[in-house]
Amino acid sequence: MSFNLSEESVREIVRGVLSQIRADGSVEPPADCPCRLKNNAQPKGGFGATAVYPSNSASASNAGIFSDADEAVAAAREAFLKFSTLGLKGRDEVIKIVKDTTIANAEAWGRFEYEETKIGRLDHKVEKLQIIAGVPGTEWLKPDAYSGDDGIMLEEFTPYGVIGAITPVTHSIPTIAGNCVSMAAAGNAVVFNPHPNGAKSAVLAISAFNKAIEKKLGIKNLFCCIEKPTLDTFAALAKNPLVAIMCITGGPGVVAAAMKSGKKCICAGPGNPPVIVDGTVDPNKAAKDIIAGSAYDNNLLCVSEKEVFVTADIYDRFIAAMKANGGFEISGEPLRRLTDAAFELKDGHYRLKRALVGKDPSVLAEAAGVSIPQGTQLLFAQTDANHPFVVEEQMMPMLPIVKAADFDEALAFAQKAEHGYRHSALIHSLNVDHMTRMARVMDTTVFIKNGPCMCGLGLGGEGYLSYSIATTTGEGISNPKTFTRRRRCVMVGNLSLL
Ligand code: NAD
């Protein structure tokens, strides 16, 4: 259906719209818009019966660091309302501040996080911060427009408001910096409940971002952080009505806890990425790539190669190539000692102990009772497909390698080892049929062919960067659109120029 509007009616509409555009290009909100309300006033209709607006007490300048989760949310809500008035230009300024500050401090912050968490590799801690420029910004929010006989329609990507974000110890500042870019690009404010073992690093980065944002844009507390995060502060965030959505980056425990909160959750959950190597590839190249990926940051990346299934036709050559490229093989008693040090048997299941997570190969070698040559990148062992190092997400530089009779058996092993997390999988093959079958069977969020795992994050492969890969809930490698609502705006009438 189409309506014919008179020229005068169209002029009237355009005059109305123009009168609401301010000198800086932002739009004057309507009289009842929540962003015009005084700090402690209720919006008309509210955000639900229990919604409240921030108290003035929460707005004191503390560079975003709070001990109380509800106060942090109130402050972030106030920041969100101010941030909303700055338009895309304001978001771009914030993104620039986060990226510039992170890159300028990459060495210092990488070292700080390394010393606080005592896991991973210093060079990779620094690199993960240096590459933050690869996280996309507001350019991802191009609206969709339709124009036709019935008028015009615009679908835009609008912010949620305040996001509650949970971050892992494996990449504390990288995840926070990446979340800040994507979430602020989408127009949101954020309250972080970081992992307690990486909380000092979180405070360091978030307070630096806030100080620079306040100086440049006059907004306080756009990114808030709980100084001493606990399960209680997590629960308070999850139940605060002003937290519009939760973004979880972590293991199975926190994903399950968040999903019970009743809020919309974007969950970047656990993985256990399997690798298949078949007889079509150069075993030397495959071993080099696998070692580079699996040893990266001592195997802390959630996309890292965690277990390898190799077809019988190339198996012996692949093992030799692992030895020739920085892998150190353990077996027998040393493997048993390392397994006991890394896992505990509880109720018939092996559980990962944290003591060796992210530690250097030399520390693992000591636990295994072997000495390794200088330059060893990781330990590896030939195991069966049910070994705890295959089944569990070990997050340490010790790679189990399993011989498969053929590709079909390798694929069955890989599917079982991934546990249906739909996180990541890798293949080294020149056989397109094998690649396609593995992609379909694994159905993972990230599938990497013929390269190390970092290629899946844009480091050495095509594509953009994110440290929150929404595997459990299916949004994929997160980006600004992940943190938006989609809103349709329709104007009816014969307005099209077609
Ligand atoms: P973790 O699950 O121990 O902790 C992650 C976060 O959740 C921390 O902030 C922690 O304090 C919190 N937490 C843990 N259990 C909780 C509970 N029951 N209730 C509330 N909060 C809880 O994980 P980690 O060791 O910090 O990180 C490694 C895990 O995270 C691995 O499983 C890895 O695969 C996953 N991860 C996934 C991605 C991704 O993008 N998909 C990225 C990084 C890490």
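## A parallel sheet and its nonpolar cores

Let's start with the sheet: 6 strands make an open, parallel-paired sheet in the order β1-β6-β5-β4-β7-β8. Its edge strands, each pairing on one side only, are β1 (65-66) and β8 (264-268). Strands here are DSSP runs of E with at least two residues, and helices are runs of H or I with at least four, numbered from the N terminus; two strands pair if DSSP finds at least two bridges between them.

Before going on, a word on the model: it is predicted, with local features needing pLDDT of at least 70 and side-chain atom pairs counting only at pLDDT 80 or more, while totals for chains, interfaces and linings use all residues. Residues are numbered from 1 along each chain as its sequence is written, and side-chain values use heavy atoms, leaving out hydrogens and water.

Strand β6 (residues 223-226) runs parallel to β1, joined to it by 2 bridges, and parallel to β5, joined by 3 bridges. Here are some residue pairs involving β6.

| Residue | Opposite residue in β6 |
|---|---|
| Valine 191 | Cysteine 224 |

From β5 the chain crosses through α7 to β6, a right-handed β-α-β crossover (with the strands pointing away from the viewer, the path from the first strand over the helix to the second runs clockwise).

In a regular strand, side chains alternate between the two faces of the sheet. In β6, Phe223 and Cys225 point one way and Cys224 and Ile226 the other, and all are buried (under 20% relative accessible area, with a 1.4 Å probe and protein chains only).

Helix α7 (residues 199-217) packs on the sheet, touching β1, β5 and β6, and its direction makes about 150 degrees with that of β6. Contact means heavy atoms within 4.5 Å; angles run from 0 to 180 degrees between N-to-C directions, with axes fitted to C-alpha atoms, for helices over the stretch in contact.

Now to the cores. The largest nonpolar core has 101 residues, and Phe209, Phe223, Val277 and Phe318 have the most contacts inside it. Such a core is a set of buried Ala, Val, Leu, Ile, Met, Phe, Trp, Tyr and Cys residues joined through side-chain atoms within 4.5 Å. Helix α2 (residues 69-84) gives the most to this core, with 9 residues. Domain 1 (7-269 + 478-484) and domain 2 (274-460) both give residues to this core, so it lies between them; the domain bounds come from an automatic or database assignment. A second, separate core of 16 residues includes Val390, Phe407, Ile427 and Met442.

Notes:
Buried < 20%, exposed > 50% of the residue type's maximum accessible area, 1.4 Å probe, protein only.
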